[in-house]
Amino acid sequence: MAEPPGLQSDRLAAGARAEPSQTRRWARQPVLVVAILAVAGVFDAISGNPVDAVLLMAVGVLLAVFPDAGAATEAAVPGPRWRTGSIVAVLALATAFALVVGVFERYTWPVTIGVLVPGVTGLVFAWRGTRRRDPGPTLRLHQVLPWMAVFVTIGLFELANLLLQPGLTIDSYDHPTLSVLSDTVLNGHFGRSLGLFLWLLLGAYLLDR
Amino acid sequence: MTSHDVSLAIYGVIALAAIGLELVALSHPDRLASLGRTLGRAMRSRTGRLGIITGWAWLGLHFFGL
């Protein structure tokens, strides 16, 4: 008998109840995500980060124009997703990327293009959807609420520090944002390459979820 | 204690809270979802995937790009 398509946890959830969970319904709501992207894009634009702003706004517009149809569930991949060959390939790619792009100074076009290429590639993969791990049983709101609180807190504290700066484009020692704090590490060649390496690995990890 | 020190302390508290949450989630998965599981669930929808990957791309641009 053929195995029905989709992740095992989805089939179990569908069997348990027909209605999608509250958290899942929230995750499908483009309005909230579009609003976050729009607000972040506006702040980035007035903070002198035009490329960031364009990226955020463009994705926001895409989500607004082409809302999530949902229901597309890909087949679960049996066994471990990451085989040794895949891990070695990703590590080699991330190392090469970090060594090449890390040569260039921060806040220049070569680094910007170097970051945009994997960034946009990741967005294309995210748009199309990939075969992913089974994330397990459906989550209840109370199981993810603390994480939402952490990310909202860090976002609000960043925003507060940004607004307490002498100007939106003038850094403050007294009220440092995370990017100001990272200057001492990322301004050097080694720190910059290490940061780019970790950033690319994070992207690979996220796309695998 | 300067404003700079207070800011660093607050960042530290937030980081410790995140580490604590992850430890609780790993020991009591029925009470709290781990960050990986939360992200995995969020990325089941295209909206969630695009939102999270946009956040990742933005991080790269924010810390390294123009």
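Trainee: Fine. Where does this model come from, and how is chain A built?
Mentor: The model is predicted. Chain A has ten helices and zero strands.

Trainee: What pLDDT does chain A average?
Mentor: Chain A averages 82. Of its residues, 77% score at least 70.

Trainee: Which elements of chain A have the lowest and the highest mean pLDDT?
Mentor: The lowest is helix H1 of chain A, residues 8-16, with a mean of 52. The highest is helix H6 of chain A, residues 109-128, with 94.

Trainee: Where is the pLDDT below 50?
Mentor: Look at residues 1-5 of chain A. Beyond near neighbours in sequence, that stretch has three contacts in the model. Where pLDDT is low, the predicted coordinates should not be read in detail.

Trainee: OK. How much of chain A is buried?
Mentor: Of its 209 residues, 25% count as buried. Now take the contacts in chain A between residues at least 6 apart in sequence. Among those, 69% join residues at least 24 apart.

Trainee: New topic. What span should helix H10 of chain A have?
Mentor: H10(A) covers residues 189-208, which is 20 residues. At 1.5 Å a residue, it should span 28 Å. Its end C-alpha atoms are 29 Å apart, so that agrees.

Trainee: Which residues of H10(A) are buried?
Mentor: Arg192(A), Gly195(A), Leu196(A), Trp199(A), Leu200(A), Gly203(A) and Leu206(A). They cover an arc of only 130° around the axis, so they sit on the same side of H10(A). An α-helix has 3.6 residues a turn, so residues three or four places apart point the same way.

Trainee: And which residues are exposed on the other side of H10(A)?
Mentor: Phe190(A) and Leu198(A).

Trainee: What covers the buried residues of H10(A)?
Mentor: Both chains contribute. The cover includes helix H5 (84-101), H6 and helix H9 (183-186) of chain A. It also includes H2 and H3 of chain B.

Trainee: Show me one residue in H3(B). Is Thr54(B) buried or exposed?
Mentor: Thr54(B) is in helix H3 of chain B. It is buried, because 25 other C-beta atoms lie within 10 Å and the cut-off is 20 or more.

Trainee: What does Thr54(B) touch?
Mentor: Leave out residues up to four places away in sequence. Then Thr54(B) touches Leu37(A), Leu55(A), Leu56(A), Val59(A) and Leu123(A).

Trainee: How is chain B divided into domains?
Mentor: Domain 1 is 1-32 and domain 2 is 33-66. Their C-alpha centres lie 20 Å apart.

Trainee: Last one. Where is Tyr107(A) found?
Mentor: In the loop between H5 and H6 of chain A. Tyr107(A) is exposed, because it has 12 other C-beta atoms within 10 Å and 12 or fewer counts as exposed.

How values were computed. Residues numbered from 1 in each chain as written. Chains lettered and ligands numbered in written order. Predicted model: local features only at pLDDT ≥ 70, side-chain atom pairs only at ≥ 80, totals over all residues. pLDDT = per-residue confidence, 0-100. Helix = DSSP H or I, 4+ residues; strand = E, 2+ residues; numbered from the N terminus. Contact = placed C-beta atoms within 7 Å. Expected span 1.5 Å × (residues − 1). Arc of directions from axis to C-beta. Domains from an automatic or database assignment.
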